[in-house]
Amino acid sequence: MLTNYPYGVSSFGMPVVGGITTTGAIHFVHPTLGSDANDGLSTDTPFATIQQGITASRDAKDDYVILMPSSTDYDVTATTTVDKNRIHIICPSGIGWGGMPGNSARMHMNTAATDWFTITADNVEIAGIFFKADATSTTGSPIVFSGTRWCGNIHDNFFGLYAAAASTGNYGIVGTGACNHMAIHNNYFTVYSPALNTGNNNLVAAFIGFTSGSSTRNIIRDNVLVTGVNSTIAAGILEAGTGTMVIGNYLHESVLNGGNDAGVFTLGISTGTDAQVANNIISIAAASAANAVSGGTADQSYLLNYEGHSGGTLAT
């Protein structure tokens, strides 16, 4: 018999999370109802912190850390380290909204110059989270893949960045080592607090950045990337590796009038060799339309990408 629990979790011997059967354990987290002294094994005894949910999980056992919906932010003041292989950190009620997780679980960074998640393991899934930045989280990246990593699955998240100054260390998702077989899909990226940035051109290095030429076969698809006003995004998608597929993403400059009030992409999509870049819509001001795409392999990488501000020309 299937037993239904709150927040998209069911069980008939093996737990079912969001329609997916798992043989792993499930730990629940809630920012106000929880305590790290609890066992985290039910919605009545959740942990208070995401880090404790990860600590309690086993390595390579397909365990889940479930973020319960809350009207109170999941406030974090230090980097949360994900060091368990084959772990899932999700808010089920935030999945399926195409990067708009409905404020179900807001992870709010309260410390400047601090990354939110550092991933030191493989086969990690993070989904359904609203990454919320404000004036306290001036630099730092929500998700950092550390070292050589495999098979990350990052989807259905909202990345609200805050760039308080011209910093090239700000990313939405970043991996500087060899990141391989990553799936980055159905997320929404933007600079979240533009009213706090008036008069500044605030740099974000890239919304999605895999900067090592040793990365292989990543898939980046169906993401929405919007600059936010008073911001300069050096690259919407920066993928230096080989064999990448960048498909069906939408890049949009929120303001196109130039100057400090503008939100602009310096470069839309940049890829390494043997990339396949297809069916992306890249909305870049006419003056910089030539910078819609870069890299790849000549006569091979770019197909049916649309850039509307230069008369609807294809970026090929």
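User: What makes up the aromatic cluster in this predicted model?

Analyst: In this predicted model, one aromatic cluster is formed by W116, F117, F131, F159, F189, F207 and F265. The structure holds nine aromatic pairs.

User: Why is the pair of F117 and F131 called edge-to-face?

Analyst: The ring centres of F117 and F131 are 6.1 Å apart, and the angle between the planes is 85 degrees. Rings pair if their centres lie within 6.5 Å, and planes over 60 degrees apart count as edge-to-face. The pair of F117 and F131 is therefore edge-to-face.

User: Which parts of the chain does this pair tie together?

Analyst: F117 lies in strand 11 (residues 117–119) and F131 in strand 13 (residues 130–132), so the pair ties together parts that are 14 residues apart in sequence. F117 and F131 are both buried.

User: What makes the pair of F207 and F265 edge-to-face?

Analyst: The planes of the F207 and F265 rings stand at 80 degrees, with the centres 6.2 Å apart, so this pair is edge-to-face. The pair links distant parts of the chain, 58 residues apart: F207 belongs to strand 22 (residues 202–210) and F265 to strand 28 (residues 263–265).

User: How do you know whether F207 and F265 are buried or exposed?

Analyst: Buried means under 20% relative accessible area. F207 has a relative accessible area of 0% and is therefore buried. F265 has a relative accessible area of 2%, so F265 is buried.

User: Which residues touch the most other members of the largest nonpolar core?

Analyst: The largest nonpolar core has 62 residues, and I89, F117, I126 and I143 touch the most other members. A second, separate core has seven residues, among them V144, Y171, V174 and A205. In soluble globular proteins, nonpolar side chains tend to be buried together.

User: Why are strand 5 and strand 33 called edge strands?

Analyst: The open sheet has ten strands in the order 5-6-9-12-16-20-23-26-30-33, and its pairing is parallel. Strand 5 (26–29) and strand 33 (302–303) each pair on one side only, and these are the edge strands.

User: How do you know that strand 5 pairs with strand 6?

Analyst: Two strands pair if at least two bridges are found between them. Four bridges join strand 5 to strand 6 (residues 64–67), so the two strands pair, and they run parallel. The bridge partner of F28 in strand 6 is I66.

User: Where does the pLDDT stay under 50?

Analyst: The pLDDT stays under 50 over residues 256–260, for which the model has eight contacts beyond four places in sequence. For the chain, the mean pLDDT is 85, and 80% of the residues reach 70 or more.

How values were computed: Residues numbered from 1 in each chain as written. Heavy atoms only, no water. Core = buried A, V, L, I, M, F, W, Y, C linked by side-chain atoms within 4.5 Å. Buried < 20%, exposed > 50% of the residue type's maximum accessible area, 1.4 Å probe, protein only. pLDDT = per-residue confidence, 0-100. Contact = heavy atoms within 4.5 Å. Phe/Tyr/Trp six-rings, centres within 6.5 Å; stacked < 30°, edge-to-face > 60°.
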